[in-house]
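Please keep the sequence and the coordinates at hand while you read.

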Amino acid sequence: MSEKFGKVAVLMGGRSAEREISLKSGTMVLAALIKSGVDAHAFDPRDESLETLKSQRFDRAFIALHGRLGEDGTIQGALEYLGVPYTGSGVMASALAMDKWRTKLLWQAAGLPTPPYEVMTARTDPADLAKRIGLPLMVKPVREGSSIGMSKVTSVEKLAPAYELATRYDEIVIAERFVEGTELTAAILDGEPLPLIRLETPRVFYDYEAKYFADDTRYICPSGLPDETEKYVQRQAKTAFRLLGCSGWGRVDLMLDREGSSWLLEVNTIPGMTDHSLVPMAARARGISFEDLCVRILESAHVG
Ligand SMILES: Nc1ncnc2c1ncn2[C@@H]1O[C@H](COP(=O)(O)OP(=O)(O)O)[C@@H](O)[C@H]1O
Ligand SMILES: [Mg+2]
C-alpha cells in the first residue's frame, strides 16, 4: 500500500466550528489507513502551513476536515495550487455544496425537487413569510453544517429569534418549508449511491445533539423502503450530486414526504468518518469494511 499511495497526509482539525468532529473523523481514518499498510500521517492545517506538505514530501492528502476552510473549496484550491492530489470533490463543487442556497438554486434550475424556501433579511415580515411558505419551517444559515444555528419554527413569533440565531453564523439565511415524513441519507462512493439510511429521532429534528451525542437516534440500514422507492431516491441523489459537479465520495440528505415524494436538502462533500458515522454504515451494508472504505476514498484522490 505504501508503494501505491506514497506518503499520505490525513488533514484533520482545522479552524471551523466542526473542528472536534473533524479530529474524531481524522483519527479514525488515520488508524484505518495505517492498519491497511498506508504510510499515513496526521496533519492539522490549523497548526501547520499547507506548504509544508511539499517540503515534507507528501504524495497525497485525505481531507477529513468539515465545514469552512476544509469542506468549502479553499483547502481544495490550495492543494490544486500545490499539485497535491486530494480526496473528494474539487474546488467549485465543494464551494457550491457548502452553500445551501446556491445548491437549491441549481437544483431548481434543473427541475430537481427541493423544498420551497425564501432568503430572509432583517426586513422580512414574519407573518407574510409564514403565509407564503407555511408552518412549520426551518430557518438555516446557508453555510454552516452539523445543524448549527438552525431552528424549526412552528409559530410566527419564533421566526425573529430563529433568524437572529442564524445570522450569528452567516449573513445569508434561508427559511425552508418543513417536510414531514422520513429522513433519508444517501452515501456516495466513487460517484455511485450506497444503500440508503433511514434516520429516526424522537427530537424536534436531527440536531447537533442527535447527530453526535444522543443515543436515542436510530439509523436503519438497509432502509426497509420498498425497492422501487430505494432505487428512485438513490437515482435522484446521484443526479443531485453530479449536478453540483461533486465527485468521489459524499452524502446527500433528503426527506421523503408522506405522499412518497422525496425532497433534496443538501450535499455534504466531506461527511463524518467515525466508525459510527453514516457513510461507513452504508458501506458496511454493502459489505465494505471501514478500512476498505478509507482505502477506496484514498484511491480516488486527484488534482484538477
Ligand atoms: N426542510 C426540512 N424539512 C424537514 N427537516 C429538515 C428540513 N431541513 C432540515 N431538516 C432537518 O435538519 C437537519 C439538518 O439540516 P440540513 O439541511 O441537512 O443541514 P446540516 O446537516 O448541514 O446542518 C436534517 O438532517 C433534518 O433532520
Ligand atoms: Mg445535513
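This is a predicted model: local features need pLDDT of at least 70, side-chain atom pairs count only at pLDDT 80 or more; totals for chains, interfaces and linings use all residues.

Residues are numbered from 1 along each chain as its sequence is written, chains are lettered from A and ligands numbered from 1 in the order in which they are written, and side-chain values use heavy atoms, with hydrogens and water left out.

Let us begin with the domains, whose bounds come from an automatic or database domain assignment.

| Domain | Residues |
|---|---|
| domain 1 | 2–87 |
| domain 2 | 96–113 + 180–294 |
| domain 3 | 117–177 |

The C-alpha centres of domain 2 and domain 3 are 23 Å apart. Their contact (heavy atoms within 4.5 Å) takes 17 residues from domain 2 and 18 residues from domain 3. About 1,500 Å² is buried between these two domains, with 59% of that given by carbon and sulfur atoms; buried area here is the accessible area (1.4 Å probe) that two parts lose on being put together, summed over both. On the domain 2 side, Lys100, Trp101 and Phe205 supply 39% of the area buried against domain 3, more than any other three residues.

Next comes the sheet. Helices (H or I, at least four residues) and strands (E, at least two) are DSSP runs, numbered from the N terminus, and two strands pair if DSSP finds at least two bridges between them. Four strands form an open sheet in the order β4-β7-β5-β6, with antiparallel pairing. Its edge strands, β4 (117–120) and β6 (151–153), each pair on one side only. Between β5 (residues 137–141) and β7 (residues 173–177) there are five bridges, and Lys140 has Ile174 as its bridge partner in β7.

Now for the metal. Which residues coordinate the magnesium ion (ligand 2)? Asp253 (OD) and Glu266 (OE) do, at 1.9 to 2.1 Å; donors are N, O and S atoms within 2.8 Å of the metal (3.2 Å for Na, K and Ca), and water is not among the atoms, so sites may look incomplete. Asp253 belongs to strand β12 (residues 250–257) and Glu266 to strand β13 (residues 262–268), so the pair ties together parts 13 residues apart in sequence. Asp253 is buried at 7% relative accessibility, and Glu266 is buried at 13%. Buried means under 20% relative accessible area, exposed over 50%, partly exposed in between (1.4 Å probe, protein chains only).

Finally, helix α11 (residues 278–285) has six of its eight residues buried, so α11 is largely enclosed by the rest of the structure. Its cover includes β8 (181–189) and α12 (290–299).
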